[in-house]
Amino acid sequence: MAMPPIVADTDEHRQLRASVAALVGRYGHGYFVERARRHEEPADLWCDLGSAGFLGVHLSEDYGGGGGTLADLAVIIEEASAAGCPLLMMVISPAICGTVIDRHGSPELKLRWLPGIADGSMKMAFAVTEPDAGSNTHQITTTAHRDGDGWRLRGTKYWTSGVDESDAILVVARDSEPGPDGRHPLSLFIVPTGAAGLSYQVIESALVQPEHQFTVYFDDVAVGPEALIGEAGNGLRQVFSGLNPERITAAAISNGIARYALDKAAAYATERAVWSVPIGAHQGVAHPLAEAYIGMQLARLMAARAAALFDSGQDAAEAANIAKFAAADASLRALDQSMQTHGGNGLALEYGLADLWFLARMLRTAPVSREMVLNFVAQRSLGLPPSY
Ligand SMILES: Cc1cc2nc3c(=O)[nH]c(=O)nc-3n(C[C@H](O)[C@H](O)[C@H](O)COP(=O)(O)OP(=O)(O)OC[C@H]3O[C@@H](n4cnc5c(N)ncnc54)[C@H](O)[C@@H]3O)c2cc1C
């Protein structure tokens with residue numbers, strides 16, 4: 001189905017969409033699912049995306065990036081997802097870790113990590129969530145203890161994606177000493193996955209995804225001064241610079257899934273006839289699909305707006321949260337309706353829909369839950385009093 005441009009699509013974005021669709025289309029959903037079922041990296045696709053400049057499109061040219069925008073990266077992620085390859089690691093490695101390092105890392109850190117993240121030869125995982133501090137980042141207890149001119153990290157991270165395929169983890173840790181307000185300031189560290197004292201264990205989940213998620217243990221992991229991103233104690237501000245890109249690119253995955261699902265639904269509803277006309281002629285089939293399409297287009301518009309605000313240096317937090325919320329809901333609805341349109345075949349793996357269910361569902365919970373988005377909008381946009 002030809003996708004009409006959304007308001008923010010520039011000529012460059014239209015060309016970018018066509019290039020990504022052509023590249024990822026050579027692999028397709030079958031390739032993705034085959035890798036995902038075996039929890040195997042889609043290495044060839046990742047390598048091709050890196051070589052084409054798609055993974056580092058938004059990173060600084062001085063460090064191997066394309067010098068483009070987050071909007072460019074969001075377009076790429078949406079197109080890959082719409083072509084049946086929703087790649088969570090694109091949100092984590094280039095969008096979150098790449099952006100944080102590009103904005104706050106020293107020239108040495110940028111030189112060490114950004115060219116590899118950009119060309120796909122390196123990956124970085126991101127660890128903020130903890131067993132006892134999910135939605136509340138202020139409660140994290142993974143602690144960085146000063147040790148000479150470096151640090152020792154102790155604690156446990158939870159649900160960290162893609163650790164086994166990453167070269168390093170961007171870890172959010174608290175300082176051992178509290179600040180003047182009684183809170184422990186946060187700092188960001190890049191910890192190589194092979195560091196002594198670092199171990200991890202798979203969390204078995206329902207997702208059909210190339211990446212595994214892990215519980216990660218930091219048992220007195222020693223890191224040198226070069227591991228610190230920016231200034232010690234400034235981690236909260238730094239990590240926030242990665243959260244809007246995270247939300248915008250997570251929305252791009254959801255929007256791509258919605259497009260993929262509605263494409264399939266439209267084709268099936270046009271071909272499949274069980275009475276005298278194709279099932280798509282029945283309004284009971286057509287209208288829910290049309291509604292799902294409207295929801296998807298609104299979500300895409302909000303994601304484009306959030307990316308444009310971020311790229312112009314304006315406050316993108318509200319738009320990024322709303323975009324993520326709207327896209328997660330819209331994609332789940334689109335996927336559900338597409339499966340319904342396929343009748344029993346919606347559950348058959350051959351039709352390439354059911355295997356996306358838990359990924360689409362997960363995006364209502366992670367990287368930020370819908371309740372925390374509603375809290376943000378209630379408190380920050382409407383000025384309502386917080387409950388916590
Ligand atoms: C597949 C997958 C991949 C992930 N990858 C990563 C990763 O790479 N790195 C990483 O750091 N994390 C990752 N996560 C973790 C994810 O970000 C968290 O699961 C998510 O932020 C929610 O945190 P939690 O699970 O601890 O839920 P909790 O914080 O325990 O919340 C449980 C429920 O209570 C609700 N709730 C909590 N507080 C409030 C409140 N104040 N008001 C209203 N409702 C509230 C939440 O919305 C949620 O519905 C991943 C998770 C999944 C499932």
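Two strands are taken to pair if DSSP finds at least two bridges between them, and strands here are DSSP runs (E, at least two residues) numbered from the N terminus, with helices likewise (H or I, at least four residues). The model is predicted: local features need pLDDT of at least 70 and side-chain atom pairs count only at pLDDT 80 or more, while totals for chains, interfaces and linings use all residues. Residues are numbered from 1 along each chain as its sequence is written, and side-chain values use heavy atoms, leaving out hydrogens and water.

Thr143 stands opposite Arg174 in β4, and β2 (residues 143–147) pairs with β4 in the parallel sense over two bridges. Strand β1 also runs parallel to β4, joined by four bridges, with Phe126 opposite Leu170. Strand β5 (residues 186–192) runs antiparallel to β4 over seven bridges, and here Val172 faces Leu188. Seven of the eight residues of β4 (residues 168–175) are buried, so the strand is largely enclosed by the rest of the structure; buried means under 20% relative accessible area (1.4 Å probe, protein chains only).

The ligand comes next. It is surrounded by 21 residues, the closest being Thr129, Ser135, Trp159, Ser369 and Glu371, where a residue counts if one of its heavy atoms lies within 4 Å. β1 (124–127), β3 (150–161) and α11 (370–381) each supply at least two residues of this shell. A polar side-chain atom of Ser135 lies 2.6 Å from an oxygen atom of the ligand, and a backbone N or O atom of Val128 lies 2.9 Å from a ligand oxygen atom; polar contacts of this kind are pairs of N or O atoms within 3.5 Å.

How values were computed
A polar contact is a pair of N or O atoms within 3.5 Å; within protein, one must be able to donate a hydrogen and the other to accept it, and residues adjacent in sequence count only if both atoms are side-chain atoms. Buried means under 20% relative accessible area, exposed over 50%, partly exposed in between (1.4 Å probe, protein chains only).
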